[in-house]
Amino acid sequence: MKLLSYAVFLLITCSAIAAGPVPGVEGPFVNFQNGKLVVTMKLPHAEHPTGFSFGVTEAKKSVVSYLPNQEEGGMNLELLLDLDDLASVETSEGIDSKLLDGRDIPGVPGGALKNSSRKDWGPQYADISTYHSPKSFGISLPFNWSLGSTRDGHHWLNWKGKNIGMLSVVNIAGEKKAQGMIFLRYAALKGNPEIMKRLLKN
């Protein structure tokens, strides 16, 4: 078994989102493609027999891909996000969403995303869940490796010094797997002139 290593999130390149060290995670990294935001995490200890992609919304303008990293091993999680497409998804007034296994989401007030809808994609899609609220989009992914002594918590995602969301983690708890979550705030993304300029340029 490979030794787990701590991936320190890069601050020195414009493609990296600054967060904190999480065992077995490299990134998130941000890029821009055809008017969409691309967020990628490398997961060197993750595994899946084939990988997959699926459209997050009915229009399928936003896509989640979980594919083998052919060069370095492990898996890559890539989010190809159309912000207008995501923001148009109908949410559930009065419904507060936690993790699929019932645990709180670290960094979210009360541990649950307010006025939201959660879609659980099932075992064929690695038990990924996606979250929609009027203010944010999120995704959670179970990890099939140990996070060691890492405590449940969250790290702010900063792009060029400006907060655009957060990365949350929960460790193994009994039969419940460790999980990693990314949440992106629409107001922060659309209020960032450089991000919007790059989206329009691409």
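This is a predicted model: local features need pLDDT of at least 70, side-chain atom pairs count only at pLDDT 80 or more; totals for chains, interfaces and linings use all residues.

Q: In what order do the strands of the 6-stranded open sheet line up?
A: The pairing in this sheet is antiparallel. Strand 8 (117–120) and strand 11 (153–159) sit at the edges with a single partner strand each, so one side of each has no neighbour in the sheet. Neighbouring strands are turned by 20° against each other on average, ignoring direction. Reading across, the order is 8-9-10-13-12-11.

Q: Which residue is the bridge partner of Asn158 in strand 12?
A: Strand 11 and strand 12 (residues 162–170) run antiparallel, and 7 bridges join them. In strand 12, Asn158 is bridged to Asn163.

Q: Is Thr150 buried or exposed?
A: Thr150 is in the loop between strand 10 (136–143) and strand 11. A polar atom of its side chain lies 2.7 Å from the backbone oxygen of Leu147. The cut-off for buried is under 20% relative accessible area. Thr150 comes in at 19%, so it counts as buried.

Q: What is the average twist from one strand to the next in the 5-stranded sheet?
A: This open sheet is antiparallel, in the order 3-4-7-6-5. Its edge strands, strand 3 (26–33) and strand 5 (52–55), each pair on one side only. From one strand to the next, the twist averages 15°.

Notes
Residues are numbered from 1 along each chain as its sequence is written. Side-chain values use heavy atoms; hydrogens and water are left out. Two strands pair if DSSP finds at least two bridges between them. Helices (H or I, at least four residues) and strands (E, at least two) are DSSP runs, numbered from the N terminus. Axes are lines fitted to C-alpha atoms, for helices over the stretch in contact, and angles run from 0 to 180 degrees between N-to-C directions. Buried means under 20% relative accessible area, exposed over 50%, partly exposed in between (1.4 Å probe, protein chains only). A polar contact is a pair of N or O atoms within 3.5 Å; within protein, one must be able to donate a hydrogen and the other to accept it, and residues adjacent in sequence count only if both atoms are side-chain atoms.
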